[in-house]
Structure formats: structure tokens, C-alpha cells
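I opened this notebook to keep track of what I looked up, one topic at a time. The entries follow the order in which I went through the model.

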Amino acid sequence: MCQALLRYKTLFEITKPNSKTVQLIQHKLLEELKNGLSTQEQVLFLLEYEDIDFDLFYYLISSKYTKKNTKIMTNSFCIRKGLLRKANFSTFVQRLVAKRPESPLIKHYPETFVLDLSHPDYLDEALNEAYELRDVLQQNALLLEDESVTSKTNEEPKLLILKASLIDKGQELFIFRTQNELEDFFNEKMNDDDENEITNLREWVIQRYIENPLLLCGGRKFHLRVYIVVDENLKVYIYDGILALFASKSYNLTMSTLSDRLVHITNTCVQMSDDEKTMDEHMLVKEFFKLDEDLNHQKIYEQIKLIVKEIFGGLHHEISLFQPIQNCFEIYGFDFIIDRNLTVYFLEANAYPDFKQTGADLSVIIEELFMNIVDKIILPFYGEQQQIDDSAKRQLHLIYDRNMSR
């Protein structure tokens with residue numbers, strides 16, 4: 001039965017398809033197919049999330065009909081919406097900090113509001129539900145209309161950024177200050193939307209925009225992409241091959257530039273796909289630890305580790321939102337931004353991260369990530385000896401182990 005169920009297709013696009021990692025994974029699977037499953041049956045599912053039959057997978061790993069020495073593994077968890085859906089994650093953080101007022105996420109996660117909007121015509125009703133957001137927008141409008149209020153209170157309007165809860169790659173991002181600006185955005189989208197995609201999204205988050213980001217490489221904004229690997233139930237690894245993804249234009253916070261995606265949206269897919277792109281990929285994607293020598297890399301890295309540990313330390317108690325199980329591992333791309341005081345903020349997590357954003361020049365970072373995954377997660381699961389050397393300069397580091405935290 002297991003042989004009939006053994007499926008394989010390439011999951012990740014790596015710039016150099018002949019890398020040691022891909023060869024090693026392919027070799028293990030092709031060996032099984034060529035010789036038939038041995039008495040020590042080993043099955044590895046490398047599939048897109050939508051292609052994994054989790055009911056069947058759970059049956060196989062728990063069934064009394066599956067041989068005791070059969071080992072089956074797949075590359076995704078079934079339940080992880082509490083991490084990946086921005087609205088669910090925001091709600092999780094609210095609960096966590098209510099229980100733990102000392103949580104680092106109070107400082108390291110921007111103020112976030114959830115907006116449940118079934119149609120732009122119902123924005124007023126949605127804001128009545130999200131009353132804290134409504135109050136911020138009303139105060140912004142008052143500050144913009146009456147300069148005397150600003151001078152008396154020494155308060156400036158808060159910049160906010162709108163994000164669709166389930167969409168990534170820099171899509172549907174909008175920076176704004178008032179309800180009128182938000183209404184104009186949705187109305188414009190509705191007029192351009194032939195397939196009702198905007199109304200189908202429904203769930204949005206609105207975050208405080210980090211107005212004073214750290215600027216490097218010609219005064220440009222950037223964010224960090226950090227690869228996190230979660231293994232079984234529950235070990236969390238951080239990969240020190242961290243990427244810095246840059247905007248192509250120098251940062252400017254004047255109102256006339258807020259709609260310029262080449263200034264404010266640092267996703268590489270946005271920068272490279274824009275018709276007005278002005279830079280090659282080697283100027284847009286750099287390795288974090290090789291940036292400006294005067295930058296305190298370690299201070300930033302320690303904050304990232306603290307945030308990641310706090311997130312998973314909280315999520316492992318939320319089984320309806322995040323449910324890591326044995327026989328699974330998953331790779332996530334965590335995004336962070338740094339302000340000029342070197343405070344790190346967590347922005348979002350992505351499953352099945354787009355490794356193509358790394359570009360050809362830094363493809364070795366992704367190759368070494370997979371070498372680490374095979375060596376430290378896949379092979380030990382199957383009881384195999386280490387089959388790759390220690391030549392990788394970048395490493396996975398265990399930063400959270402649920403069993404050790406008990």
C-alpha cells in the first residue's frame with residue numbers, strides 16, 4: 001500500500017537544480033521506487049500543501065496496518081492558521097499579551113487591528129466593530145483638519161498600513177491615515193475588480209506603519225527574511241543565512257511618495273516586477289550579516305531569536321490555531337523590520353516561502369538551508385547517518401524545544 005502512495009514532485013525551485021540537497025532527496029525517493037519498498041519502509045512526501053491528503057497521512061502514521069518499522073514524513077503541518085493568517089495571528093497576540101503582560105511581543109509586534117469587511121459599502125459598520133481602529137482614524141482626521149490640536153497635543157497623525165489577511169508577496173498593501181482615504185482605496189479597487197476579488201478577501205489587518213525604519217545602502221528601506229524550520233512537536237530552528245530585501249528608491253515619508261511601491265514596499269517580487277524598476281537583484285537582495293560593518297548585527301539577531309521563541313512558546317498552547325505533529329516538518333519565511341533605534345518588529349510569517357526572491361547571486365544561501373534540513377531533520381528521522389559534509393557556512397540553530405520548556 002505504501003508503495004502505491006509514494007508520490008514525489010519538486011516542491012522548491014532552487015536556482016541550481018543539481019545542488020547536493022536536491023540530489024540527496026531525489027536519490028532517497030528514486031531508490032525506493034526502483035527497488036520496491038524495503039522491510040525498513042521509508043516514505044517522504046514533498047508536496048504542495050493543497051496536494052497533501054492529511055486524512056490519509058494521519059491514517060498511515062497511526063494505523064495498526066502500517067508496519068512498525070515504516071517511517072513516513074511530510075513537509076507541512078495541517079493546522080497553522082494561527083501563524084500564517086494575519087488576522088488570526090493578531091488575535092493570538094492579543095490573548096498572549098493579556099495573559100503575559102511582560103511578553104516581548106508587546107514591544108516587538110506593531111499595534112494591529114482586524115477589519116472584517118464583507119463589502120466596501122459596509123465600512124462604517126466594520127469600523128464600529130473595530131472601534132479602536134475607528135478612534136485612531138477619527139483622531140487622525142481631527143489632527144489633519146485642525147493644526148491647533150496638533151500644536152496643543154504635540155501629536156502627529158498615525159500612519160497605518162492595510163494588508164489582506166491571506167495574501168502575501170506585497171499584494172493589496174495600502175498606506176493611509178483616514179477613513180476617507182481607506183474608502184477611496186476600496187472603491188477604486190471595486191471599480192477595477194471584475195472578478196470580485198476584493199469582496200472575496202473580506203478579512204484585513206491594519207497595522208501601525210513603522211515610520212522610522214533603519215535605512216542602509218543609499219538611504220533605502222529594507223526588511224529581513226529569516227527562515228524558520230519547525231520539526232515535529234515541537235522543535236524550532238532559526239537559519240543564520242538571513243536576507244535583507246531592499247526597496248529600490250531612497251526612503252521618503254512625504255505624502256506624495258506614500259503610494260510609491262518602490263519606496264515603501266520592500267518585497268523583491270514587487271521591486272523586480274514593477275515596470276519602473278531601477279535596480280538589479282544584487283542591489284535589492286543582500287545577506288544581512290554582510291551588511292554595513294558598523295551595524296550591530298548581534299543585537300538585532302538576538303531580538304529576532306527572542307521574538308521567534310515567544311511566538312512558538314505561545315502557539316504550542318493554541319492547538320486550534322497551530323498543531324505541530326510528529327512525522328512533519330515545515331519551512332517558514334518570517335519577515336522583520338528594524339527601526340532606527342535598532343528595535344526589531346515582527347511583521348508576518350509565510351509558509352512555502354518564495355526562494356526565487358533570493359536571486360542567482362545568493363542561491364548558495366538556499367542550497368545550504370536545504371543541506372541543513374536534510375542533515376539535521378530528514379536523515380535523523382529515518383535513522384540515517386549524516387550524508388553531507390560540514391562545508392555549509394550557514395547553519396540551522398535550535399532555539400526552542402517544547403520538551404525542554406516543560
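**Entry on Gln326.** I began with Gln326, which I found in the loop between helix 15 and strand 11. I kept in mind from the start that this is a predicted model.

**Entry on the whole chain.** I next stepped back to the protein chain, where I listed 17 helices and 13 strands. Of its 406 residues, 54% are buried, and the chain exposes about 19500 Å², with carbon and sulfur atoms supplying 46% of that area. Looking at contacts with a separation of 6 or more, I noted that 70% of them join residues 24 or more positions apart.

I followed an open sheet of four strands, which come in the order 3-6-4-5 and pair in the antiparallel sense. Why is one side of strand 3 and of strand 5 left without a neighbour in the sheet? Strand 3 (112-116) and strand 5 (174-176) stand at the edges and have a single partner strand each, so one side of each stays without a neighbour there. Neighbouring strands of this sheet are turned by 25° against each other on average, with direction ignored. I reminded myself that strands of a sheet pair through backbone hydrogen bonds. Within this sheet, strand 4 (residues 160-164) pairs with strand 6 (residues 203-208) over five antiparallel bridges, and I wrote down Ile206 in strand 6 as the bridge partner of Leu162.

**Entry on the helices against the sheet.** I found helix 8 (residues 131-145) lying across strands 3, 4, 5 and 6, and it runs at about 110° to strand 3. Helix 10 (residues 179-192) also packs on the sheet and touches strand 3, strand 4, strand 5 and strand 6, while its direction makes about 155° with that of strand 5.

**Entry on salt bridges.** I searched the whole structure and noted 16 salt bridges. Among them is the one between the side chains of Arg95 and Glu318, at 3.1 Å from N to O. This pair links distant parts of the chain, for Arg95 is in helix 5 (residues 86-99) and Glu318 is in the loop between helix 15 (297-315) and strand 11 (329-338), 223 residues apart. Arg95 has 33% relative accessibility and so counts as partly exposed, whereas Glu318, at 13%, counts as buried because buried means under 20%.

I then turned to Glu102, which forms a salt bridge with Arg100, the closest N and O atoms being 3.4 Å apart. Glu102 counts as exposed at 54% relative accessibility, while Arg100 is partly exposed at 31%.

In helix 15 I looked up Glu302 and Lys305, whose positions three residues apart mean a separation of about one helical turn. Their side chains meet in a salt bridge of 3.1 Å, N to O, and Glu302 is partly exposed, with a relative accessible area of 38%.

Conventions:
Residues are numbered from 1 along each chain as its sequence is written. This is a predicted model: local features need pLDDT of at least 70, side-chain atom pairs count only at pLDDT 80 or more; totals for chains, interfaces and linings use all residues. Side-chain values use heavy atoms; hydrogens and water are left out. Helices (H or I, at least four residues) and strands (E, at least two) are DSSP runs, numbered from the N terminus. Buried means under 20% relative accessible area, exposed over 50%, partly exposed in between (1.4 Å probe, protein chains only). Contact means heavy atoms within 4.5 Å. Accessible areas come from the Shrake-Rupley method with a 1.4 Å probe; for residues, only the protein chains shown count as cover. Two strands pair if DSSP finds at least two bridges between them. Axes are lines fitted to C-alpha atoms, for helices over the stretch in contact, and angles run from 0 to 180 degrees between N-to-C directions. A salt bridge is a side-chain nitrogen of Lys or Arg within 4 Å of a carboxyl oxygen of Asp or Glu.
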